[in-house]
Amino acid sequence: MATAILDTSALLTGIPAGAWVAISEKLNKVLAWGADPQEVLVEARGKGEDSPLITRVPDRQSMAMFF
Amino acid sequence: MPEISFPYRHIKVPPSAAHPDGQTLRNPKTVATLTASNGKTLRVFVLLDTGADACCFPLTYALLLGIDVLSLPTEMTGGIGSMANVTYYDTVQIDLGRGVAFTAKVAFMEGMNMHAMGLLGQDGFFSNFDVHFSHKSSTFTIMTP
């Protein structure tokens with residue numbers, strides 16, 4: 001059974017919309033962020049995180065989606 | 001048949017004219033590890049999307065996986081609000097953890113970059129797994145073969 005709601009929105013508070021973000025494997029810490037996703041991953045891995053999650057801070061205009 | 005449940009992702013959206021009190025979006029979204037044929041991996045968010053014909057990802061993810069996109073076969077595809085999107089295809093492994101993993105021919109497109117997540121669609125994902133969605137309990141359950 002699922003054990004928890006996955007909600008990382010609080011983690012991204014204060015980071016500009018559109019920025020790429022690397023998040024720790026446990027999804028509880030931002031390791032790096034910036035405009036270049038490759039640089040963000042390199043910085044995160046440099047902090048000892050082998051498998052950071054890469055995502056992007058959504059713009060207000062793209063938070064609700066209709067695929 | 002084993003059943004594996006995953007939590008929905010909740011996203012708080014600030015107030016707008018249409019939703020003065022703001023919104024909490026509840027999506028069947030989880031984390032997946034992509035593995036390219038070169039062995040490189042990338043952890044990303046994925047949304048289970050029954051309306052997507054195939055699994056698709058931001059083109060940036062192909063580049064981060066070290067895939068030579070210019071060597072990939074392409075075709076034009078369409079989506080909500082867009083048409084004639086150049087779409088690159090490659091085969092990757094997708095692992096949701098807890099024993100849910102599969103290999104699929106996936107689409108990479110630039111228009112997905114702004115969303116920074118993948119879509120798990122009909123060909124590759126729903127063709128391999130039956131899934132039960134429960135918005136009320138904020139979980140989705142994958143029946144593994």
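A residue is termed buried if 20 or more other C-beta atoms lie within 10 Å of its own, and exposed if there are 12 or fewer. The structure considered here is a predicted model. Within chain B, B:Glu75 stands opposite B:Thr87 of β8(B).

Chain B has twelve strands and one helix, and its elements run β-β-β-β-β-β-α-β-β-β-β-β-β from the N terminus on. The radius of gyration of chain B is 16 Å, close to the 15 Å that the globule rule gives for 145 residues, so the chain is as compact as a globular protein of that length. Along the principal axes, the C-alpha atoms of chain B fill a box of roughly 45 × 45 × 25 Å. Buried residues make up 32% of the 145 residues of this chain. Of the contacts in chain B between residues at least 6 apart in sequence, 55% join residues at least 24 apart.

One sheet of chain B brings together strands from its two ends. Three strands form an open, antiparallel sheet in the order β1-β12-β11. Strands β1 (3-7) and β11 stand at the edges with a single partner strand each, so one side of each is left without a neighbour in the sheet. Neighbouring strands of this sheet are turned by 20 degrees against each other on average, direction ignored. The pairing of β1(B) with β12(B), residues 139-143, is made over five bridges, and B:Ile4 stands opposite B:Ile142 in β12(B).

The interior can be approached next. In soluble globular proteins, nonpolar side chains tend to be buried together. Here the largest nonpolar core has 46 residues, and those with the most contacts inside it are A:Ala22, A:Val40, A:Ile54, B:Cys56, B:Tyr61 and B:Phe108. When residues up to four places away in sequence are not counted, B:Cys56 touches B:Val106, B:Ala107, B:Met109, B:Met112, B:Gly118, B:Leu119 and B:Gly121.

A loop residue of chain B is also enclosed. B:Phe125 lies in the loop between β10 (118-120) and β11 (130-134), yet this residue is buried, because 26 other C-beta atoms lie within 10 Å. Leaving aside residues up to four places away in sequence, B:Phe125 touches B:Cys55, B:Phe102, B:Ala104 and B:Leu120. The C-alpha atoms of B:Phe125 and B:Ser71, which are 54 residues apart along the chain, are separated by 25 Å.

In α1(A), residues 37-46, the buried residues are A:Pro37, A:Val40, A:Leu41 and A:Ala44. These residues cover an arc of only 95 degrees around the axis, which puts them on the same side of α1(A). On the other side of the helix, A:Val42 and A:Gly46 are exposed. The buried residues pack against β1 (20-23), β2 (30-34) and β3 (53-56) of chain A, together with α1 (59-64) of chain B. Just after α1(A), A:Gly48 takes a positive phi of about 95 degrees.

Conventions. Residues are numbered from 1 along each chain as its sequence is written. Chains are lettered from A and ligands numbered from 1 in the order in which they are written. This is a predicted model: local features need pLDDT of at least 70, side-chain atom pairs count only at pLDDT 80 or more; totals for chains, interfaces and linings use all residues. Two strands pair if DSSP finds at least two bridges between them. Helices (H or I, at least four residues) and strands (E, at least two) are DSSP runs, numbered from the N terminus. A nonpolar core is a set of buried Ala, Val, Leu, Ile, Met, Phe, Trp, Tyr and Cys residues joined through C-beta atoms within 7 Å. Two residues are in contact if their C-beta atoms, placed from the backbone, lie within 7 Å. The radius of gyration is taken over C-alpha atoms; the globule rule is 2.2 Å times the number of residues to the power 0.38. The arc is that of the directions from the helix axis to the C-beta atoms. Axes are lines fitted to C-alpha atoms, for helices over the stretch in contact, and angles run from 0 to 180 degrees between N-to-C directions.
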